[in-house]
Amino acid sequence: MHGLINKTLQHFLLDTYGPAAWAAIARNAKADIQNFEAMLSYPAQVTSDVLNAAVDYLSKPKDSLLEDLGTYLVSHPNCGVPRRLLRFSGVDFLDFLNAFDDLPDRARLAVPDLILPQLEVEEKSLGLYELHCVHDFASDAAHVLLGLLRAMADDYGALVLMDVQDQTEGHSLVSVQLIEAAYASGNNFELGVIERRAT
């Protein structure tokens, strides 16, 4: 597993639950590590062990924890860069969604050896979309994507209903129903300008 993924998981747990929780989770995972290096690779089992230790320590369902991780990537003050990169996908949530399957390729421009799930967005009917996620860890990835998409919908001010609908080995399906693209004012976003919450 790419170290950037492990580092992100570490920072999410640190920023959300504090250093004591992270230290206990790392110890319980028997990861023999307190700080992941973003540019190294780790066995996939290390990531799974840390995630399972977090689930046990926090007494929180795994799917909910992963969804929180996806939300963290967009909404936490320490994650301004991912949010900005995602906002370049379009001027509204629909533009963003239609460009979402390009995310793995765009991520590889920044980190060439980072392998993200294969994504495909399919429009089923007016306002109804299906996001197909193909990866060895597709089920986990789908819940991270669900949190990320919900946070981005909020960021754009869109009213959207989403859920993980179908999961098989190596494939997950996220249903996305766009109710209203301009439901709320959302957050400001301008290139080179510090964003502030719209009032």
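**Pocket.** I started with the lining of the largest pocket and counted 44 residues, with Ile5, Thr8, Leu73, Leu114 and Leu116 nearest its centre. The model is a predicted one, and I read the entries below with that in mind. I then listed the elements that give two or more residues to this lining: helix 1 (3-17), helix 3 (44-58), helix 4 (62-75), helix 5 (80-87), helix 7 (103-110) and helix 8 (138-156). Helix 1 supplies the largest share, eight residues. I sorted the lining by residue class and got 30 nonpolar, nine polar and five charged residues. For the volume of the largest pocket I noted about 1400 Å³.

**Helix 1 and helix 2.** Next I looked at how helix 1 sits against helix 2 (residues 19-28). Their axes come within 7 Å and cross at roughly 140 degrees. On the helix 1 side of the contact I found Gln10, Leu13, Leu14 and Tyr17, and on the helix 2 side Pro19, Ala21, Trp22 and Ile25. By class, the residues of this contact are seven nonpolar and one polar, with no charged residue.

In what order do the strands of the open sheet run? I read the order of the four strands as 1-2-4-3, with antiparallel pairing. Strand 1 (118-125) and strand 3 (159-168) are the edge strands, each pairing on one side only. The twist from one strand to the next averages 20 degrees.

I then went through two of the pairings. Strand 1 and strand 2 are joined in the antiparallel sense by seven bridges. Within them, I noted Val121 opposite Leu131 of strand 2. The hairpin of strand 1 and strand 2 has two residues between the strands, and there Gly127 has a positive phi near 85 degrees. Strand 2 (residues 128-134) also pairs with strand 4 (residues 171-180), again antiparallel and over seven bridges. Here His132 has Leu173 in strand 4 as its bridge partner.

**Helix on the sheet.** Which strands does helix 8 lie across? I found helix 8 across strand 1, strand 2, strand 3 and strand 4, running at about 175 degrees to strand 3. Helix 8 is also one of the elements that give two or more residues to the lining of the largest pocket, which takes me back to the opening entry.

Methods:
Residues numbered from 1 in each chain as written. Predicted model: local features only at pLDDT ≥ 70, side-chain atom pairs only at ≥ 80, totals over all residues. Heavy atoms only, no water. 1 Å grid on protein atoms, 1.4 Å probe; cavity = no way out; pocket = protein on both sides within 12 Å on 5 of 7 lines; lining within 4 Å. Points joined across faces, edges and corners; volume = space filled by probe spheres on them. Nonpolar A, V, L, I, M, F, W, Y, C, P; charged D, E, K, R; others polar. Axes fitted to C-alpha atoms, helices over the stretch in contact; angles between N-to-C directions. Contact = heavy atoms within 4.5 Å. Pairing = 2+ DSSP bridges.
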